[in-house]
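Subject: Structure handover

Hello,

Here is the structure for you to look through. My notes on what was found follow below it.

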Amino acid sequence: MPRDDDGDDLARPGILAIFNNVTLGREGEFEEWFQHEHLQERLDVPGFLLGRRYEVVRGEPNYFNFYVTRSVDVLASADRTRLNDPTPMTQLVMSEIFKDMIRTVCRQSFRTGTMRGAFAVAARFAAPPDESALKAALQDLAPDRGIACGEIWLAAPEGNLDSSEEERLRGGDRTLAACLVVETLRMQDAERVAAALSGQFPAAAVGVYRLLCEICRGASVANPREERTP
């Protein structure tokens, strides 16, 4: 990325942050759709770079996933045809299986670390927090050898989109104002970070999540709308 004189990135990545639950007894259908259709379809959108999905260890909701894009503009101008023309499986999942959806287009405003971790601590803020306090918290955690990286995500007003057919099927989504995400190497590191952030930011909803999978741009991505051959 280009940097200014202080070393700060001039073009920050966009983040699509999603938290949700699943209708009891429909987990198998949710997994089949997510792993074998949804991830590949989203990473086929130009400008999408990375997708990661997690399941909860402690906290709520039960599932957390996010996508990294080249910029917020990618999310603001993404191909709406995909969202307004969902596949049959997507229609089923959105209307019957997704629950308690929190979905927000964000801008990554700050990042420390160069690695990714096996666990994620996500602190969600319903109201705009003091960004300088979030940044200070990450800088304090940065020397910890159990931490892979930390990021601040701020809701991006310019990324707010009109309701899509997918959102209509879900019955509407909640949003967040900001999210502080810390990725760690091990579970005990995540528990320690979660306890610290809960004490420091009592207004935040803090959850600990275990990584399920990751998909990157440039991997072999099948088009779920094309017929598969044995």
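One aromatic cluster is made up of Phe19, Tyr54, Phe64, Phe66, Trp153 and Tyr209. Rings of Phe, Tyr and Trp (its six-membered ring) pair if their centres lie within 6.5 Å; planes under 30 degrees apart count as stacked, over 60 as edge-to-face and the rest as tilted.

Before going on, note that this is a predicted model: local features need pLDDT of at least 70, side-chain atom pairs count only at pLDDT 80 or more, and totals for chains, interfaces and linings use all residues. Residues are numbered from 1 along each chain as its sequence is written, and side-chain values use heavy atoms, with hydrogens and water left out.

**Aromatic pairs**

The whole structure holds 16 aromatic pairs. One of them is Phe30 with Tyr63: the ring centres are 5.0 Å apart and the planes meet at 55°, so this pair is tilted. Phe30 sits in helix H1 and Tyr63 in strand E3, so the pair ties together parts 33 residues apart in sequence. Helices (H or I, at least four residues) and strands (E, at least two) are DSSP runs, numbered from the N terminus. Both Phe30 and Tyr63 are buried. Buried means under 20% relative accessible area, exposed over 50%, partly exposed in between (1.4 Å probe, protein chains only).

Phe64 and Trp153 also form a tilted pair, at 6.2 Å centre to centre and 45° between the planes. Phe64 is in strand E3 and Trp153 in strand E6, so this pair ties together parts 89 residues apart in sequence. Phe64 and Trp153 are buried too.

The chain has seven helices and eight strands. Eight strands close into a barrel, in the order E1-E3-E2-E8-E5-E7-E6-E4, with antiparallel pairing. From one strand to the next, the twist averages 30°. Two strands pair if DSSP finds at least two bridges between them.

Take E1. Nine of its nine residues are buried. Gly14, Leu16, Ile18, Asn20 and Val22 point one way from E1, while Ile15, Ala17, Phe19 and Asn21 point the other way. E1 and E3 run antiparallel and are joined by seven bridges. In E3, Tyr67 is the bridge partner of Leu16, and Tyr63 is the bridge partner of Asn20. E1 also pairs with E4 in the antiparallel sense, over eight bridges. There, Leu16 stands opposite Val105.

Two helices lie across strands. H4 lies across E1 and E4 and runs at about 105° to E4. Helix H5 (residues 131-141) lies across E4, strand E5 (119-125), strand E6 (147-155) and strand E7 (178-184), at about 175° to E6. Axes are lines fitted to C-alpha atoms, for helices over the stretch in contact, and angles run from 0 to 180 degrees between N-to-C directions.

**The cores**

The largest nonpolar core has 25 residues, and Phe30, Trp33, Phe48, Tyr67 and Phe98 have the most contacts inside it. At least two residues each come from strand E1 (14-22), helix H1 (27-43), strand E3 (63-69), helix H2 (72-76), helix H4 (88-97), E4 and strand E8 (205-216). H1 gives the most, with five residues. A second, separate core of 22 residues includes Ala123, Leu154, Val182 and Phe201. A nonpolar core is a set of buried Ala, Val, Leu, Ile, Met, Phe, Trp, Tyr and Cys residues joined through side-chain atoms within 4.5 Å.

**Two residues to look at**

Contact means heavy atoms within 4.5 Å. Leaving aside neighbours within four places in sequence, Phe30 is in contact with Asn20, Val22, Arg53, Tyr63, Val93, Ile97 and Phe98.

Met101 is in strand E4 (residues 98-112). Its relative accessibility is 7%, so Met101 counts as buried. Beyond neighbours within four places in sequence, Met101 touches Ile18, Phe19, Asn20, Arg170, Asp173 and Arg174.

**Whole chain**

Of the 230 residues in the chain, 48% are buried. Among contacts between residues at least 6 apart in sequence, 83% join residues at least 24 apart.

Best wishes
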